[in-house]
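Subject: Structure for your review

Dear colleague,

Please find the structure below.

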Amino acid sequence: MNGFGNVSVQSNVRVEMNHQNLITQLQDLEPIRGLQLVGERFGSKARLSSSLGIDDQLLTYWIASQKIPIHVFTIDTGRLFQETYDVL
């Protein structure tokens with residue numbers, strides 16, 4: 001042990017407690033308010049990985065229409081239709 005072990009454990013416990021607190025807060029919120037909370041809590045660090053499915057399109061719409069600071073990105077797997085690439 002290098003003397004920093006306790007700090008690491010304490011830090012991990014604190015992160016886990018914050019994670020659980022966020023989950024508890026999100027459970028009772030409407031989706032847009034939940035996205036807003038994530039945007040407020042994480043700011044420009046928040047990300048949504050979109051597969052361009054209908055659910056991700058709805059989340060993207062809410063994020064854009066409410067100007068929530070969550071960055072949306074897709075991963076190009078090379079399996080999308082040309083029409084999808086044309087829209088992107």
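Helices (H or I, at least four residues) and strands (E, at least two) are runs assigned by DSSP and numbered from the N terminus. The model is a predicted one, in which local features need pLDDT of at least 70, side-chain atom pairs count only at pLDDT 80 or more, and totals for chains, interfaces and linings use all residues. Residues are numbered from 1 along each chain as its sequence is written, and side-chain values use heavy atoms, with hydrogens and water left out.

I begin with helix α3, which covers residues 54-65. Just after α3, K67 takes a positive phi of about 55 degrees. The expected span of a helix is 1.5 Å times one less than its number of residues.

Which residues of α3 are buried (under 20% relative accessible area, with exposed meaning over 50% and partly exposed in between, for a 1.4 Å probe and protein chains only)? They are D56, W62 and I63. Seen down the axis of α3, these buried residues fall within an arc of 120 degrees (taken from the directions from the helix axis to the C-beta atoms), so they line one face of the helix. The face turned away from that buried side carries the exposed residues I54, Y61 and A64. The buried residues of α3 pack against α2, β1 (47-49) and β2 (71-73), where contact means heavy atoms within 4.5 Å.

D56 deserves a separate note. Leaving aside neighbours within four places in sequence, D56 is in contact with L48, S49, S50 and S51. A salt bridge is a side-chain nitrogen of Lys or Arg within 4 Å of a carboxyl oxygen of Asp or Glu. D56 is buried yet has no salt bridge, and the nearest side chain of opposite charge, R47, is 15 Å away; Lys and Arg count as positive and Asp and Glu as negative, while His and the chain ends are not counted.

By the salt-bridge rule, the count comes to one. R33 pairs with E40 in a salt bridge, with the closest N and O atoms 3.1 Å apart. R33 is partly exposed at 33% relative accessibility, whereas E40 is exposed at 55%.

Finally, helix α2 comprises residues 31-42. Its buried residues are G34, L35, L37, V38 and G39. F42, also in α2, is partly exposed, with a relative accessible area of 39%. Just after α2, G43 takes a positive phi of about 55 degrees.

Yours sincerely
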